[in-house]
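Please keep the sequence and the model in view while reading.

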Amino acid sequence: MTIDQLIDDVIAREGGYSDHPADRGGPTRWGVTERIARAHGYAGDMRVFPRSEAAAIYRRLYWLRPRFDQVAERAPALAAELFDTGVNMGPAVAARFLQRSLNGLNRNGRDYPDMGVDGQIGPITLAALAAFLDTRGPAGERVLLKAVEVLQGERYIALAESRPANEAFLYGWLANRIGS
């Protein structure tokens, strides 16, 4: 999938305007919160926030800035999941899921050293990803993707447990964000 297809999928999944009372994000359109839209120069009513601006924000903040594009060079399915997770939970959370998973799958440092889990994809994370994929082959990406999704699912459940209002979203999160 290309980033344009990933953005189209996110926008289709997120839908148009929403201002759900249980959603702390407040008014959103195309899945972009009013806070993010304002931070990127949009001053209008969120009900008419342009799709093109949402797409530009997704590309810049959730694909290029967190370097998921660089992950895609070696592991496109994993990068797609990191992008989607980043949109829903924040790119740093998605990057930490990747780092934690890579640390847990390095066979006690025999394949590559543990890294700091800082939520930033840089040369160390990319080198660990390359070493993991070189060691594990094509099946490795699928296993790494499962590990990231497990962490994502656990976080959704923890969010619902810590804030009962989030239970309104748990079914949809699990149905539409895990393994999709």
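Tyr-42 and Phe-49 are both buried, the term meaning under 20% relative accessible area, with exposed over 50% and partly exposed in between (1.4 Å probe, protein chains only). The model is a predicted one, in which local features need pLDDT of at least 70, side-chain atom pairs count only at pLDDT 80 or more, and totals for chains, interfaces and linings use all residues. Residues are numbered from 1 along each chain as its sequence is written, and side-chain values use heavy atoms, with hydrogens and water left out.

Rings of Phe, Tyr and Trp (its six-membered ring) pair if their centres lie within 6.5 Å; planes under 30 degrees apart count as stacked, over 60 as edge-to-face and the rest as tilted. The ring centres of Tyr-42 and Phe-49 are 4.9 Å apart and their planes stand at 70°, so this pair is edge-to-face.

Trp-63 and Phe-83 also form an edge-to-face pair, with 5.9 Å from centre to centre and 85° between the planes. Because Trp-63 lies in helix H3 (residues 51–64) and Phe-83 in helix H5 (residues 76–89), the pair ties together parts that are 20 residues apart in sequence. Helices here are DSSP runs (H or I, at least four residues), numbered from the N terminus. Both Trp-63 and Phe-83 are buried. Ring pairs join Trp-63 and Phe-83 with Tyr-58 and Tyr-62 in a cluster.

Helix H3 also packs against helix H1 (residues 3–14), at an angle of about 120° and with the axes 10 Å apart. Axes are lines fitted to C-alpha atoms, for helices over the stretch in contact, and angles run from 0 to 180 degrees between N-to-C directions. H1 and H3 are therefore oblique to each other, a class left over once angles under 35 degrees (roughly parallel), over 145 (roughly antiparallel) and 65 to 115 (roughly perpendicular) are set aside. The contact, meaning heavy atoms within 4.5 Å, includes Leu-6, Ile-7 and Val-10 of H1 and Ala-54, Tyr-58 and Trp-63 of H3.

Two loop residues remain. Most residues other than glycine have a negative phi. Arg-67, not a glycine, has a positive phi of about 70°; Arg-67 sits in the loop between H3 and helix H4 (68–72) and is partly exposed, at 36% relative accessible area. Arg-107, likewise not a glycine, has a positive phi of about 50°. Arg-107 belongs to the loop between helix H6 (91–104) and helix H7 (123–136), and its relative accessibility of 34% counts as partly exposed.
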